[in-house]
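Work through the exercises below with the model open. Try each task before you read its solution.

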Amino acid sequence: MATVAIPGNISVLLLDIEGTTTPITFVKDILFPYIKEHLEDYLSAHWEEDECKQDVYLLKKQAEEDTRQHRAGPVHVLDQTVHTDEEKAIREVVDNVLWQMASDRKTTALKQLQGHMWRAAYSSGRIKGEVYQDVVPVIRRWRRRGLKVYVYSSGSVEAQKLLFGYSVEGDLLDLFDGHFDTNIGPKVESKSYQRIAGRLGCPPEDIMFLTDITREARAAEEAGVKVTVVVRPGNMELTEEEKSHYSLITSFSQLEVPGSA
């Protein structure tokens with residue numbers, strides 16, 4: 001696959017995580033199963049703590065919204081009344097979270113709880129964030145060339161910082177100028193990329209977004225953001241039309257910074 005030149009006007013590189021900086025298998029085979037296996041125990045241990053109460057409150061508000069929107073959910077939505085039966089209340093939260101995960105939902109409520117659970121796993125050393133080997137040296141090169149580097153992921157900002165802060169290559173947080181999650185908006189909506197540009201104080205045209213998901217690429221393009229699609233093992237297959245439409249790379253090292261040759 002040929003190299004892709006970063007246009008001279010680009011001042012910001014915006015990176016997706018799953019399938020871009022990090023193998024999809026890490027998220028699918030390690031992070032998500034950890035939630036499913038430890039969810040009930042985690043809720044039982046932290047149920048009375050303020051942080052957990054806030055997580056459950058957000059999940060209840062999301063369940064209310066789902067009911068209003070007539071989205072299918074678990075048999076019992078989260079009860080708004082105060083339970084005397086803590087075990088039953090926890091079971092309902094578990095059912096809701098597992099249903100959301102099975103539906104591959106990206107709600108802020110779900111991502112916040114997951115982030116708090118992963119924090120405990122990372123800080124205890126049970127999980128270390130994975131990154132592709134080409135990622136760290138290339139980002140360091142970009143930064144030396146004066147480019148800003150930000151992350152935009154469906155995972156909460158906290159979960160992003162945990163992955164890079166407790167990575168197999170050590171603490172990598174100094175590689176990034178900032179982080180965005182679904183609080184700025186869904187990754188498949190062009191307005192989210194306009195908001196990011198507004199937050200960064202630059203026109204969308206000065207941003208290059210790297211992702212493996214073409215729905216996200218399309219939304220970014222509609223906002224005026226330059227897009228490069230990352231092709232990694234296990235990522236979703238691209239159609240012939242997508243392959244011809246987008247600039248494609250299989251490694252960050254294929255992105256050439258102007259004047260670096």
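Predicted model: local features only at pLDDT ≥ 70, side-chain atom pairs only at ≥ 80, totals over all residues.

**Exercise 1. Charges over rings.** Find which ring Lys 187 lies over, and at what distance from the ring centre.

Solution. Start with the criterion: NZ of Lys or CZ of Arg must be within 6 Å of the ring centre and within 35 degrees of the ring normal. Lys 187 meets it over the face of Tyr 152, at 5.7 Å from the ring centre. Arg 232 lies over the face of Tyr 132, at 3.9 Å from the ring centre.

Residues are numbered from 1 along each chain as its sequence is written, and side-chain values use heavy atoms, with hydrogens and water left out.

**Exercise 2. Aromatic pairs.** State how many aromatic pairs the structure holds, then classify the pair Tyr 122 and Tyr 166.

Solution. Rings of Phe, Tyr and Trp (its six-membered ring) pair if their centres lie within 6.5 Å; planes under 30 degrees apart are stacked, over 60 edge-to-face, the rest tilted. The structure holds eight such pairs. For Tyr 122 and Tyr 166 the centres are 6.1 Å apart and the planes at 25°, so this pair is stacked. Now locate the partners, using DSSP runs numbered from the N terminus: helices are H or I with at least four residues, strands E with at least two. Tyr 122 lies in helix H4, and Tyr 166 in the loop between helix H6 (157–165) and strand S4 (178–180), so the pair ties together parts 44 residues apart in sequence. Check accessibility (buried is under 20% relative accessible area, exposed over 50%, partly exposed in between, with a 1.4 Å probe and protein chains only). Tyr 122 is buried at 2%. Tyr 166 is partly exposed at 38%.

Trp 142 sits in helix H5 (residues 135–144) and Phe 252 in the loop between strands S7 (247–249) and S8 (255–256), so parts 110 residues apart in sequence are tied together. Trp 142 is buried at 0%, and Phe 252 is buried at 0%.

**Exercise 3. A covered strand.** Determine which residues of strand S2 (residues 12–15) are buried on each side, and which strands S2 joins.

Solution. In a regular strand the side chains alternate between the two faces of the sheet. Val 12 and Leu 14 are buried on one side of S2, Leu 13 and Leu 15 on the other. Now the neighbours; two strands pair if DSSP finds at least two bridges between them. Four bridges join S2 to the parallel strand S3 (residues 148–152), where Leu 15 stands opposite Val 151. Four bridges also join S2 to S5 (residues 207–211), again parallel. There, Ile 207 is the bridge partner of Val 12.

**Exercise 4. Positive phi.** Locate His 70 and Asp 104, and give their phi values.

Solution. His 70 is in the loop between helix H2 (50–68) and helix H3 (86–102). Its phi is near 60°, positive in a residue other than glycine. His 70 is exposed, at 72% relative accessible area. Asp 104 is in the loop between H3 and helix H4 (108–123). Its phi is near 55°, also positive. Asp 104 is partly exposed, at 46%.
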